[in-house]
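Please examine the structure shown below, with attention to charged side chains and the contacts between them.

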Amino acid sequence: MNGGTARDALRAWLDWLARERRASPRTVEAYADAGRRYLDFLEAHRGEALTQADLGGVAAAELRAFLAHRQGGERPLSPRSLSQALSAVRSFHRWLDRRCDLPNAALAQVRGPRIKPSAPRPVSEDAAFGLIAEADDPDREPWEAARDVAVLTLLYGCGLRISEALSLTRGDLPLGATLRITGKGSRTRIVPVLDAVRDAAAAYLAAQPFALAPADALFRAKRGGPLSPRHVQATVQRLRGRLGLPLSATPHALRHSFATHLLGAGADLRSIQELLGHESLSTTQK
């Protein structure tokens, strides 16, 4: 079905994101803003209101003109923000293709702006939260998105290494107030578990489709095998490209950010050393 107006289609897509894909409010808000501005531009450009069917005929040149408009308006977007706007528009058109039988192959010709690598810098709190929010990708299977959110939340919220997060088993859930982790050198430590970490892990467990025994690895790949560290690294690489973050924004940087932000909030180095499982205080200081 492709009746109704373009605005009707936009509302239906946003409702699908929120209700069926359970995208975060932040993601829905960003996509809604990009979608409204996209339709505003197209209708001004064509001089008439658009029907839903019209969206199947949007030309690549029109999308490029929209991006140029956003880049050169009164409040021009940065390359990173422009890339995010293009990502939202593409997501909208993928939904139109799948749900409304309105494919638009021409838009695949449009490439996003080149984002210049910025100087290496620590991952800020906003960047850490942005990576986690962006992992909640409405264009992926909900359980896979929930899995990636849970893993990144463990890295940042508990200061875990990738190997430590992926060592969790089905029997470790539901998470309690603390979590016992065995890290490098077989050193065991106890880390507190925030509500956000507990909730993210529970959401993934409820969504994942596999029958797991207590000793089975908690985090699973698409075909059911244990999730690999390479997948987590590739996920963060993809997300930092979307967000325009530097190459220093790695999974391990989330663990470092956990420590840095605790230090900035007044925690002492000895406590942070214990939470990270470092043998030497000098390692924590670095």
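Salt bridges with shared partners join D137, E134, R238 and R242 into one network.

This is a predicted model, in which local features need pLDDT of at least 70, side-chain atom pairs count only at pLDDT 80 or more, and totals for chains, interfaces and linings use all residues. Residues are numbered from 1 along each chain as its sequence is written, and side-chain values use heavy atoms, with hydrogens and water left out.

Side chains of opposite charge can pair when their charged atoms come close. A salt bridge is a side-chain nitrogen of Lys or Arg within 4 Å of a carboxyl oxygen of Asp or Glu. The whole structure contains 18 salt bridges.

One of them joins R238 to D137, at 4.0 Å from N to O. R238 belongs to helix α9 (residues 229–243) and D137 to the loop between α5 and α6, so this pair ties together parts 101 residues apart in sequence. Helices (H or I, at least four residues) and strands (E, at least two) are DSSP runs, numbered from the N terminus.

A further salt bridge is formed by R94 and D139, whose closest N and O atoms are 2.4 Å apart. Because R94 lies in helix α4 (residues 79–100) and D139 in the loop between α5 (125–135) and α6 (142–158), the pair ties together parts 45 residues apart in sequence. R94 is partly exposed at 35% relative accessibility, and D139 is partly exposed at 21%.

Conventions. Buried < 20%, exposed > 50% of the residue type's maximum accessible area, 1.4 Å probe, protein only.
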